[in-house]
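I opened this entry to keep track of what I looked up.

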Amino acid sequence: MDKYRVSSNLAISENGFMFFPATGDSFTLNEIGSNIVNMLKSDKTREEIIETIIEEYDIDKHSAERDITDFIAQLINFNLAEEL
Amino acid sequence: MNIAVTGLNNVDNPGPGVPVIRGIKDASEFSGKIIGLIYDSLEPGAYMKDVTNKNYLIPYPAGGLEPFFERLKYIHSKEKIDVIIPTLDAELYAFIKLEPRLNQLGIKMFLPTLEHLNFRSKDKLSSFCDANNIVSPRSLLINSLQDIRKIPIELSFPIAIKGIFYDAYIANNIEEAQSYFNKISSKWGLPIIAQEFIKGEEYNVVVLGDGKGGSIGSVPMKKLFVTDKGKGWAGVTIEDKTLLDTSAKIIASLGWKGGAELEFVKEKESNKFYLLEINPRFPAWVYLAVAAGQNLPFALYNLAMGKEVDKFETYEVGKIFIRYSWDLITDMKKFEQITVQGELNND
């Protein structure tokens, strides 16, 4: 089960605007991106997130796995999350 | 209380005078006059009614300390200045030299010592950092075209080529280094500094040192928008303990007295902060610190007056400044006043 720690001070608004106070970087996320970050913040595993996204959105498992893995890799690349 | 401030050149490479005054005027305890000390009759801050009450042209200190002092003495005789806050690098030496004589007149300042000023100068910063375990890019002093040949032995390209006071260029090879050497040395003199180029994002910290090793306050900022001259045109306050601890260590190692701006770059690979420069005065973005909860300009004024000043413990993260230009409209009469009489009254 892949778990991640999202930086504790990462702020995300209801509109999907994300501000990382440690670097001053800001990002705009769409609804799915916001959901994923919020799920990561509440300690959901990658597998749990994939399941939830498949349930909530009309998307096949293969695409969900690929896109979510890629999205999390981007968060890690920006130092916003780390793999536990 | 009457406070005189320099650096009202609020142009595309703005001086810190206007934001310093803005901070002082924000303090509810402030009442009194703001006197603008200007080197050029078109310094915009002199024409801003909400910023300065009265303005005086002063001669460049490079023209000699005596005429500079005499002019300040004359202005003091008219305005009874309590505190002068110099905000420009190039004038600091003169103000520090004249500090005892200005004190005798009853004018107070809160400035670094000449020794501190020298330690942080661009040509000596590298040795200061080595001696105090502060991470900084490797640097070489270039005093002649022959010295440029040493660069590839000590550093690998690209490198930064910097003037002793201002200007910096990135050179990708020895030919470019040579051309920038000529360009900068003809303008700012020698030595030129060749510096290892650290790839990463720039972070700046505004600090106020109490002169005893402590920091009264410090606020870090990340530039969000940079002009083609490399000037931050927008920035945001950030939260980074390593950056604040490193800044506190630098101020403590120097025993820095007064305002300063520390410039860092965070290396992409290692996430390490490299100290690039220590500017010996508040930056032009100092009002961001005021807006974030640390009125450092007013704290500096209080320190100059010999008052006890509490340390600022917090600031608001995520405050943004966005600089803009504004066409101030004035009358020829005002321009005439400052040009002919050397004085401009805004009251």
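**Entry 1: Glu277(B)**

I began with the contacts of Glu277(B). Setting aside neighbours within four places in sequence, Glu277(B) touches Lys122(B), Leu125(B) and Glu263(B). I note that this is a predicted model.

Next I looked up where the residue sits. Glu277(B) belongs to strand 13 of chain B, which covers residues 273-279.

Asn2(B) lies 275 residues away from Glu277(B) along the chain. Their C-alpha atoms are 32 Å apart.

**Entry 2: helix 1 of chain B**

I moved to helix 1 of chain B, residues 17-26. This helix is mostly covered, as 7 of its 10 residues are buried.

Which residues of helix 1 of chain B are buried? I listed Gly17(B), Val18(B), Pro19(B), Val20(B), Ile21(B), Gly23(B) and Ile24(B).

Then I asked what these buried residues of helix 1 of chain B pack against. Three strands of chain B came up: strand 1 (2-5), strand 2 (33-38) and strand 4 (83-85). Two helices of chain B are there as well: helix 10 (286-291) and helix 11 (296-304).

**Entry 3: chain B as a whole**

I counted the secondary structure of chain B. There are 12 helices and 15 strands. The radius of gyration of chain B is 20 Å, close to the 20 Å that the globule rule gives for 347 residues, so chain B is as compact as a globular protein of that length.

The C-alpha trace of chain B spans about 60 × 45 × 40 Å along its principal axes. Of the 347 residues in chain B, 43% are buried. I also looked at contacts in chain B between residues at least 6 apart in sequence. Among these, 64% join residues at least 24 apart.

**Entry 4: chain A as a whole**

I turned to chain A. I found 3 helices and 5 strands in chain A. In what order do the elements of chain A run from the N terminus? The order is β-β-β-β-α-α-α-β.

Chain A has 84 residues, and a compact globule with that number would have a radius of gyration near 12 Å. Chain A has 12 Å, which agrees. Its C-alpha trace spans about 35 × 30 × 20 Å along the principal axes of chain A.

Buried residues are 20% of the 84 in chain A. For contacts in chain A between residues at least 6 apart in sequence, 45% link residues at least 24 apart.

**Entry 5: two helices of chain A**

I picked out helix 2 (residues 46-56) and helix 3 (residues 61-77) of chain A. Their axes come within 10 Å and cross at roughly 130 degrees. Helix 2 of chain A and helix 3 of chain A are therefore oblique to each other. The crossing of helix 2 of chain A past helix 3 of chain A is right-handed.

Which residues make the contact? From helix 2 of chain A I noted Arg46(A), Ile49(A), Ile50(A), Ile53(A) and Ile54(A). From helix 3 of chain A I noted Lys61(A), Ala64(A), Glu65(A), Ile68(A) and Ile72(A). By class, the residues of this contact are 7 nonpolar, no polar and 3 charged.

**Entry 6: between the chains**

Last, I looked up where the chains touch. Chain B gives 8 residues to the contact and chain A gives 6 residues. The side of chain B that touches chain A has 4 nonpolar, 1 polar and 3 charged residues.

Note on methods
Residues are numbered from 1 along each chain as its sequence is written. Chains are lettered from A and ligands numbered from 1 in the order in which they are written. This is a predicted model: local features need pLDDT of at least 70, side-chain atom pairs count only at pLDDT 80 or more; totals for chains, interfaces and linings use all residues. Axes are lines fitted to C-alpha atoms, for helices over the stretch in contact, and angles run from 0 to 180 degrees between N-to-C directions. Helices (H or I, at least four residues) and strands (E, at least two) are DSSP runs, numbered from the N terminus. Angles under 35 degrees count as roughly parallel, over 145 as roughly antiparallel, 65 to 115 as roughly perpendicular and the rest as oblique. A crossing is left-handed if the near helix is turned anticlockwise from the far one by less than a right angle, and right-handed if clockwise. Two residues are in contact if their C-beta atoms, placed from the backbone, lie within 7 Å. Ala, Val, Leu, Ile, Met, Phe, Trp, Tyr, Cys and Pro count as nonpolar, Asp, Glu, Lys and Arg as charged, and the others, Gly among them, as polar. The radius of gyration is taken over C-alpha atoms; the globule rule is 2.2 Å times the number of residues to the power 0.38. A residue is buried if 20 or more other C-beta atoms lie within 10 Å of its own, exposed if 12 or fewer, and partly exposed in between; C-beta atoms are placed from the backbone.
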